[in-house]
Amino acid sequence: MKKRNQIQVLLVLVFLLGMFPKLTHAQEFGLQLYSLRNQFKDDIPGTLKFIKDCGITEIEGGDSYGMPLEEFKTLLKKNDLNVVSIGASYEELRDIPKMVIEKAKAYGASYVMCAWIPHKGDDFSFEDTFNAVAVFNKAGAFLKAAGITFVYHPHGYEFRSFKEGTLFDYMVENARNFAFEMDVYWIKHGGADPMDLLNKYPKKFVLMHLKDMAEGVKGDNTGHSDVNTNVILGTGTIDIAALVKRGKELGIKYMFIEDESDSSVSQIPQSLKFLNSLQAE
């Protein structure tokens, strides 16, 4: 109940402060529901209402947080929330792709996203990459036949050196039946440049996660970082404005805010305000 009250109080404050101006083409800026994972534990209806009140209509999710799916879908409809993309694990894609398709269709999602390739500790190898590409191509073909696009979301460990490039380059060059979702934070944290990658592979990235990085963060290729290094868009070290502009030029329709920090409830409205300022330019 405490978190529910916090959300309600914040909503009152942001409306009084005028933090939710009418967003132009706001549907392009969605939300990855993982941003509010802690709030969903205590108050599913209130959290979905918070998203709606932010002016967001497009979401990436796939979890009903213990609520029966039909009941959760009723709440999504009530709040005018459209599930564009759902997450699926590596194991689900490898072993039960049919169930992944059924879940995507139940939500009405057009995309399925996988955000992690299993590997031992911090040791991500070519063998892991090779096996993942095989799994993703097989599952991607299966999903494609059902009218669903499969995307892989790199987390940074894919940017380890391989031959004349990186393991990620190998993935892209051998991705026959899948595309990619760019998380700009994790790309930079892993040692790559998100703008360089958009320009190098302009047709490979079809979704984006917008996430800014605090000053002073030292990246690595482990795929792990302190969640509280996620800061309000436009206040960190990533040129979000330039990436949004380039993403639009390349036709990336859905860009999801993902704020993994403990302050996501207060930061999401401010990130939206920043994105709205870009629309006004």
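Predicted model: local features only at pLDDT ≥ 70, side-chain atom pairs only at ≥ 80, totals over all residues.
**Overall make-up**

The protein chain contains 12 helices and 12 strands. Of its 281 residues, 54% are buried. Contacts between residues at least 6 apart in sequence were also sorted by separation, and 79% of them join residues at least 24 apart.

**Helices α3 and α4**

Helix α3 covers residues 44–53 and helix α4 covers residues 69–78. The two pack with their axes 9 Å apart and at an angle of about 30 degrees. Angles under 35 degrees count as roughly parallel, and α3 and α4 are therefore described as roughly parallel to each other. The crossing of α3 past α4 is right-handed.

Which residues of α3 and α4 meet? On the α3 side they are I44, P45, L48 and K52, and on the α4 side F72, L75, L76 and K78. Sorted by class, this contact has 6 nonpolar and 2 charged residues, with no polar ones.

**Aromatic rings**

Across the whole structure, a search finds 22 aromatic pairs. Two of them are set out below.

| Ring pair | Distance between centres | Angle between planes | Type |
|---|---|---|---|
| F136 and F178 | 5.5 Å | 70 degrees | edge-to-face |
| Y185 and W186 | 5.1 Å | 80 degrees | edge-to-face |

Planes over 60 degrees apart count as edge-to-face. With its planes at 70 degrees, the pair of F136 and F178 is therefore edge-to-face. The planes of Y185 and W186 stand at 80 degrees, so this pair is edge-to-face as well.

Where in the chain do F136 and F178 lie? F136 belongs to helix α7 (residues 126–145), while F178 sits in the loop between α8 (167–173) and β8 (179–183). The two residues are 42 residues apart, and their pair links distant parts of the chain. Both F136 and F178 are buried. Y185 and W186 are buried too.

F136 and F178 are also members of a cluster linked by ring pairs. The cluster also contains Y90, F150, Y152, F159, F168, F180, Y201 and F205.

**Two residues with positive phi**

D80 is not a glycine, yet it has a positive phi of about 55 degrees. D80 is found in the loop between α4 and β3 (82–87). K163, again not a glycine, has a positive phi of about 50 degrees. The loop that holds K163 runs between β6 (161–162) and β7 (165–166). Is K163 buried or exposed? Its relative accessibility is 74%, so K163 counts as exposed.

G156 lies in the loop between β5 (149–152) and β6. The relative accessibility of G156 is 0%, and the residue therefore counts as buried. Buried means under 20% relative accessible area.

What does G156 touch, leaving out residues up to four places away in sequence? The residues are W186, G190 and N221. W186 is also a partner in the ring pair with Y185. G156 and T222 are 66 residues apart along the chain, and their C-alpha atoms are separated by 6.7 Å.

Methods. Residues numbered from 1 in each chain as written. Heavy atoms only, no water. Axes fitted to C-alpha atoms, helices over the stretch in contact; angles between N-to-C directions. Helix = DSSP H or I, 4+ residues; strand = E, 2+ residues; numbered from the N terminus. Parallel < 35°, antiparallel > 145°, perpendicular 65-115°, else oblique. Left-handed = near helix turned anticlockwise from the far one by under 90°. Contact = heavy atoms within 4.5 Å. Nonpolar A, V, L, I, M, F, W, Y, C, P; charged D, E, K, R; others polar. Phe/Tyr/Trp six-rings, centres within 6.5 Å; stacked < 30°, edge-to-face > 60°. Buried < 20%, exposed > 50% of the residue type's maximum accessible area, 1.4 Å probe, protein only.
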